Amino acid sequence: MKPGRFGAALSAVALLSACGGGGGGGGGSTPSPTPIGSAPTPSPSPAPTATCSLRARQDWVAGQMREWYLFPEALPASLDPAPFASVQDYIDALTATARSQRRDRFFTYLTSIKEENAFYQSGSSAGFGIRLSYDSAGRRLIVTEAFEKAPALGAGIDRGTEILAIGTSEGNLRNVSDIFAAEGAQGVQAALGPSTVGTSRTLRISNAAGTRVVTVTKTEFEIDPVSTRYGTRIIDDGGKRVGYVNLRTFISTANPALRQAFADFKAQGVTEVIVDFRYNGGGLVSVAELMGDLMGGNRTTSEVFSHTTFRAEKASNNTTRNFRPQSESIAPAKIAFIGTGGSASASELVINSFIPYLRANAALIGTNTYGKPVGQIALDREQCDDRLRVVAFRTENASRQGDYYDGLASKVEASCQAGDDLTRQLGDPQEGSTRQALDFLAGRSCTRISTGISAQSARDTERRDLLSPDRPNTAQREVPGFF
């Protein structure tokens with residue numbers, strides 16, 4: 001499950017993520033998708049006459065959209081591709097009606113097969129290795145998260161670090177506030193440079209260690225989907241053991257870490273869990289299903305985790321996924337899901353799937369989620385390195401609830417407002433959202449998350465947005481705010 005381009009608010013908007021695998025298509029011929037959640041399969045050999053001209057690629061996209069798009073009634077009867085300068089511009093025009101109805105908010109797009117495979121298989125991407133948020137009113141740029149194995153953390157840049165100035169050398173540093181004033185968030189993104197290995201930037205930063213100037217160079221590295229520093233822990237809350245797990249993104253390399261985390265919870269007798277999805281834009285359905293299984297120790301194989309439904313003509317692809325308890329599974333009595341507007345797609349799938357079973361014992365903590373109950377399949381044209389991620393299915397829980405285009409806050413029976421405290425590390429028992437999650441699990445009262453403002457326009461009290469390019473790469477789609 002996955003989207004496209006727009007600024008992602010921490011409590012409102014997100015770049016969502018890819019759910020599902022797909023079938024390949026070469027020269028316009030597309031076999032049925034492989035089971036949702038599988039890795040994308042290679043495309044068949046291209047036809048000898050296939051070309052990669054702009055018009056040929058646009059025509060191929062139009063054919064796939066008319067065959068697979070979940071909302072065929074929203075597609076224009078005809079649309080001349082000639083006026084559009086890129087394939088993506090043409091896709092955006094094809095999906096304009098569904099977008100106006102909030103059903104496809106840039107969720108359908110074209111990407112690179114090679115780039116996407118590298119990310120989903122290993123989390124491979126190029127960057128400084130930080131997740132950035134900004135306060136447009138205050139004209140501030142702040143790090144919400146820093147990834148292990150990446151250059152930024154090695155330079156002393158971590159959660160809560162403020163970037164005060166950006167340049168290519170110390171001699172041409174520009175104040176971030178000045179860039180915001182003159183060029184807005186897009187100017188800040190441009191100042192950080194392209195997502196290519198070897199791109200260097202000199203930064204003036206401020207954090208607990210003081211204010212200093214550092215130079216950081218973008219490298220290729222693998223994002224750990226579960227942080228080795230704070231991704232999982234058992235919190236002692238007044239003598240009660242509470243499991244905490246923070247999942248950054250749903251990629252296949254998350255599976256071993258998730259299994260180990262829940263094995264540890266099981267060994268410690270944990271029956272209450274905090275699942276931190278606050279910046280998780282989604283990812284592979286298969287990983288979401290595993291996460292459900294690991295929290296489904298008291299579920300049976302006849303109980304439904306989720307339903308996947310295609311449009312009527314493609315109903316033969318519909319599936320129902322039941323729980324499959326694992327040797328590491330626990331049977332939680334209560335779960336606190338931490339979410340924001342940056343929580344979407346596969347994250348929402350997991351939360352939604354537990355509503356029919358835990359009801360008021362499953363709570364959303366933080367702010368409203370993004371609202372993406374649909375997912376994409378991958379349709380490939382290998383000779384052009386084109387992968388069309390087309391919205392082709394919807395997901396529903398065991399109660400057939402799946403209409404949460406404005407987020408899950410109005411669907412969950414319990415919720416608690418909470419802030420995102422950048423002065424403390426994720427998983428710290430005193431961090432705002434983690435503390436509120438612990439309070440919910442302990443039965444203490446809270447203020448319910450407001451649903452009066454849509455997920456796309458709401459903002460948290462700090463009014464911080466995740467910094468996201470107009471044309472994000474795969475890592476930036478799946479890890480909102482990534483640079």
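Biologist: What does Cys446 count as, going by relative accessibility?

Modeller: Cys446 counts as partly exposed, because its relative accessibility is 33%, and that class lies between buried (under 20% relative accessible area) and exposed (over 50%), with a 1.4 Å probe and protein chains only. This is a predicted model, in which local features need pLDDT of at least 70 and side-chain atom pairs count only at pLDDT 80 or more, while totals for chains, interfaces and linings use all residues. Residues are numbered from 1 along each chain as its sequence is written, and side-chain values use heavy atoms, with hydrogens and water left out.

Biologist: And which residue forms a disulfide with Cys446?

Modeller: Cys416 does, with the two sulfur atoms 2.0 Å apart, and a disulfide here is a pair of cysteine sulfur atoms within 2.5 Å. The bridge links distant parts of the chain, 30 residues apart, since Cys416 lies in strand E20 (residues 414-417) and Cys446 in the loop between helix H10 (432-441) and strand E21 (465-466). Helices (H or I, at least four residues) and strands (E, at least two) are DSSP runs numbered from the N terminus.

Biologist: Is Cys416 buried or exposed?

Modeller: Cys416 is buried, with a relative accessible area of 1%.

Biologist: What about the torsion of that S-S bond?

Modeller: The torsion about the S-S bond of Cys416 and Cys446 is about -65 degrees, so this disulfide is left-handed.

Biologist: How many disulfides are there by that rule?

Modeller: The count comes to 2 disulfides, and the other joins Cys52 to Cys384, at an S to S distance of 2.0 Å. These two cysteines are 332 residues apart, with Cys52 in the loop between strand E1 (8-9) and helix H1 (54-68), and Cys384 in the loop between strand E18 (374-381) and strand E19 (386-396). The torsion about the S-S bond of Cys52 and Cys384 is about -95 degrees, so that disulfide is left-handed. With bonded cysteines counted along the chain, the pattern is 1-2, 3-4.

Biologist: What is the relative accessibility of Cys52, and of Cys384?

Modeller: Cys52 counts as partly exposed at 39% relative accessibility, whereas Cys384 is buried, with a relative accessible area of 14%.

Biologist: Changing topic, how many helices and strands does the chain have?

Modeller: The chain has 11 helices and 21 strands, and 60% of its 483 residues are buried. Among contacts (heavy atoms within 4.5 Å) between residues at least 6 apart in sequence, 74% join residues at least 24 apart.
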